[in-house]
Amino acid sequence: MLSLNNLALRRGGNVLFENSTFIVHRGNKVGLIGANGTGKTSLFKLILGELDSDRGELELSQEVRIAHMAQEVEGTSQPAVEFVMAGDMELTRINEALAKAEAEERFNDIAPLHEALDSIDGYTARTRAEQLMAGLGFEPTDINRPLNDFSGGWRIRLSLARTLMQPSDLMLLDEPTNHLDLDAIMWLSEWIRKYEGTLLLISHDREFLDESVGFIAYLHQQRIELFTGNYSAFEHLKAARLAEQQSNFEKQQREIAHMQDFVRRFRAKASKARQAQSRIKALERMELIAPAHIDSPFSFSIQCAEKISSPLVSLQDAALGYDTTTVLHNVNVSIEPGDRIGLLGVNGAGKTTLVKSLRGEIPLLDGNRVEGTNLEVGYFSQHQLDDLDLSGSAMLQLSRLDQALGKSSREQALRNFLGGFNFVGDKVLEPVASFSGGEKARLALALITYTEPNLLLMDEPTNHLDIDMRQALTVALQTFAGALILVSHDRHLMANSVDRFILIEAGQTGPYEGDLADYRQKVLPGGESKTQEQQKVIESPAEVAQPKPTTNHKRARQIRTRMKTLEDRMERLQRKLDDVEKELGDPDRYQAEAVHDIQPLLRDQAELKSQLEELELEWIELGEELES
């Protein structure tokens, strides 16, 4: 269907790719990956005829119908559902011809037009458009709202729905998940799975790529390489190649060490229960990821404030919302040091409202917010980029922050810090106004991490970030010693950064005992899904039909999730117990003037041991249930 023969393209004097040759056959689904600026969007423009190649040929069958998602939608008074239906241009043409024939009373033309309308399934068009809108998160009340009522992000969703509405043989999707929540992304991956045409997909979401494509086109070093398999298969192969480069061996080992540290508790318990072996297999899969990102330009960590409070912050019997509108009722949440919580729920359920209320950005409508004495919040919002000083440079903004924190760091230290986010050389002195969206997002993350928070509130931090930066952020969050509250549509980041979930729906908050696979089944109860294990090993474009999970499978996932939560709590309690016993082992504690401090420590020791025994007993019982 599509072939590139020795293709070369330059933009502004820069060579994006040259001597690139590959073929996309009918029905193939191909993911385009590569760092920002390598030419992914430019390749789309070549296919659409908006650009001409500098050398070589791009061959595309002339009869191919192409659907392409527009990145901007002008606000008009047109109803949303009509905008979506207009994606089917043949439907629009027939409807316009039919309306004209009826107005002019040309009755001989009306019957053939109705037949043409029936032949393209035109009578169900509105229903199909409404179903697309519902899948992408629109409410029934949104159907007839005019376009200019929607924000830019929601208009992009409408643009995506319009693209899916269009009959096509070849679909080009450029970052379709950027403005979607997790539920909508899961729905879209299921829609793509059923799409019978050819797909070219630009995305930095590794889980979405795994579910959606069977080939990877990798743009790097001015070349385009085509690989068979999903993203995980590509990453495995890339890791094997890069692992052969001895000069990168030490960095590879550091990356693996970060991941081993994150899952070390599972390896430590391998002798206690057979199910712990699955965690070791998970570690082995994670180890494959690290070498694949050896050549990443990003390397940073997130330091935690030395002083902490317990709890860091809590909401008690709280009503959350804006003005007189209550979004969440009777919220009771307490954030302890070391907590790692992911928030789940559809767009508009109240995830951002909860995050802003924890931060204290919006006042409670009822109840209490109790803040720990030593609370230090690092907050990344969906609109964080708007707060950057566009006229200032990265160095200037970091210097200001450094002074505000009373650090008085040297310029080289600031340059080294920014270098971890790939701001090097004169780039640190350029005005932020010239930065791309990805560069602005990296700078915003850099400024937040520089404050050394003990509580990170992160609301969709991966928008605009490429895969390498997302991986670096994942590793940094794994080694972050503070508490983390994360809202993200990036399932890889969620799965590898948090250890429990809070589900927000119908104005209520509560613990979600399942994992992301369970949540997918909740969102798409009738849809097929691949398990994470299967997603990691598929190396061909062939679809693998999976049976629906049985009740036993669902219970097993619930048990594993609960055991993971218990392990994290036991680890935190054990650290506290170690500190108490260290104090009790200090001879100075038994001097006459300090002996009165012993009793509180002994009480803490007894209480911590009791809590540990209770949690360990539950962990063992769950392990026995899982084995059986």
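Let me start with Q221, which counts as exposed at 65% relative accessibility, where exposed means over 50% relative accessible area, buried under 20% and partly exposed in between, computed with a 1.4 Å probe on protein chains only. This is a predicted model, in which local features need pLDDT of at least 70 and side-chain atom pairs count only at pLDDT 80 or more, while totals for chains, interfaces and linings use all residues. Residues are numbered from 1 along each chain as its sequence is written, and side-chain values use heavy atoms, with hydrogens and water left out.

Q221 sits in the loop between β8 (215–220) and β9 (223–228), helices (H or I, at least four residues) and strands (E, at least two) being DSSP runs numbered from the N terminus. Although Q221 is not a glycine, its phi is positive, at about 50°. A506, in the loop between β17 (500–505) and β18 (508–512), also has a positive phi, near 55°, and is exposed, with a relative accessible area of 78%. For context, most residues other than glycine have a negative phi, and most peptide bonds are trans. The bond from S310 to P311 is cis, with omega near 0°, and P311 belongs to the loop between α12 (276–292) and β10 (313–322).

Turning to the chain as a whole, there are 22 helices and 18 strands, and buried residues account for 51% of the 628 residues.

Finally, helix packing. How do the axes of α14 and α16 cross? The axes of α14 (residues 394–404) and α16 (residues 437–450) come within 10 Å and cross at roughly 20°, with axes fitted to C-alpha atoms over the stretch in contact and angles running from 0 to 180 degrees between N-to-C directions. The two helices are therefore roughly parallel, since angles under 35 degrees count as roughly parallel, over 145 as roughly antiparallel, 65 to 115 as roughly perpendicular and the rest as oblique. By contrast, the axes of α7 (residues 182–194) and α19 (residues 516–523) come within 10 Å and cross at roughly 75°, so α7 and α19 are roughly perpendicular to each other.
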